[in-house]
Amino acid sequence: MVKRSLVLVLAVAVAVFVAVGCGGGGGSAESENKTLTLGDIGWTESVAVTNLTKVVLEEDFGYQEVELKTLDVGLLFEGVAGGDLHAFMDVWIPNHTQLLAEVENDVEHLEPWYEGQTTFGLAVPSYMEGVNSIADLNQSGAERIIGIEPGAVISEKIEENVIPDYNLTLEHEPSSTAAMLAEVERLYQDKEPFVFPPWCPNPMCGKVTGTFGARDFPGSFDFRYLEDPKNSQGNLDEPAKISAIVNEDLSDEDPVAYAFINNLRLNDAELVALEDEITKAGDDPVKGAKAWLESNRDVVQPAIDAAKQEQ
């Protein structure tokens, strides 16, 4: 009788142990069936933060899959509002103010996750002496503006405002972030004149100057943001805030993912280092995010702890 009771107690203990998990990462059986869909615009910081979120939720919380969907910026806002996407983590305010206003009743706009200072706008390499304003471009020797994605806010402003306002004769060539960076690197090495729309923080940023002052990043290119006396780009000399939007129901439907996204914070050095690791990983951004996480888990630990409280 005693032996049978002991066996019964051990069986119950094993069942409880299996039900709650073996400790450490991996999450519960419930979280192992969870999926999440994040929007990605393909910009460097977007690829970095979404892949970091994917790695943490899958490895630390046992999510079955965190899917990333790369879309144009307008579709990303619509996707989060409509529920096709759970979150989009590369919202630039004031750049995306109008897009946010169109969906504000169906999304929650979180506090900025990036704690550094951003810069954005048309620029030229530092070796292009005497070119300080967009008004100087027709006489600068540059023949084209090497652009990024056509749906980006800066691309639309170049076409609709900058070129007509300044009567520019330069050709605007929108493409993709990767294609822009490849062409800029080629031209920069040969010290040829060109115009492009860089943003910081980003591995492309080296010594950066402009109306906001000077900043020094451990990056590739030294460049100068151009003055915009006609304000054709908007108030891009005012630092933007990088934040996330989530579907209005996410906090109730998936409090773990919501807590992680809502509590994640990265500064200049942390984000650029994460971007660097992902760049080194080539076509496998998950590998880069994992490599960064191995040495920087303390950076995201507060967000992990907040998410664990919701399990």
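Helices (H or I, at least four residues) and strands (E, at least two) are DSSP runs, numbered from the N terminus. What you're looking at is a predicted model, where local features need pLDDT of at least 70, side-chain atom pairs count only at pLDDT 80 or more, and totals for chains, interfaces and linings use all residues. Residues are numbered from 1 along each chain as its sequence is written, and side-chain values use heavy atoms, with hydrogens and water left out.

**The sheet**
- Five strands form an open sheet with mixed pairing, in the order β2-β1-β3-β13-β4; two strands count as paired if DSSP finds at least two bridges between them.
- At the edges sit β2 (65-70) and β4 (107-109), each pairing on one side only.

**Strand β1 and its partners**
- β1 (residues 35-40) runs parallel to β2, and six bridges join them.
- Two bridges join β1 to β3, and these strands run parallel too.
- Look for Gly39: its bridge partner in β2 is Lys69, and in β3 it is Phe88.
- Five of the six residues of β1 are buried (under 20% relative accessible area, with a 1.4 Å probe and protein chains only), so β1 is largely enclosed by the rest of the structure.

**Helices on the sheet**
- Helix α4 (residues 73-82) lies across β1, β2, β3 (87-93), β4 and β13 (241-247), at about 40° to β13; axes are lines fitted to C-alpha atoms, for helices over the stretch in contact, and angles run from 0 to 180 degrees between N-to-C directions.
- Helix α9 (residues 255-263) also packs on the sheet, touching β1, β3, β4 and β13, where contact means heavy atoms within 4.5 Å.
- The direction of α9 makes about 170° with that of β13.

Methods:
Buried < 20%, exposed > 50% of the residue type's maximum accessible area, 1.4 Å probe, protein only.
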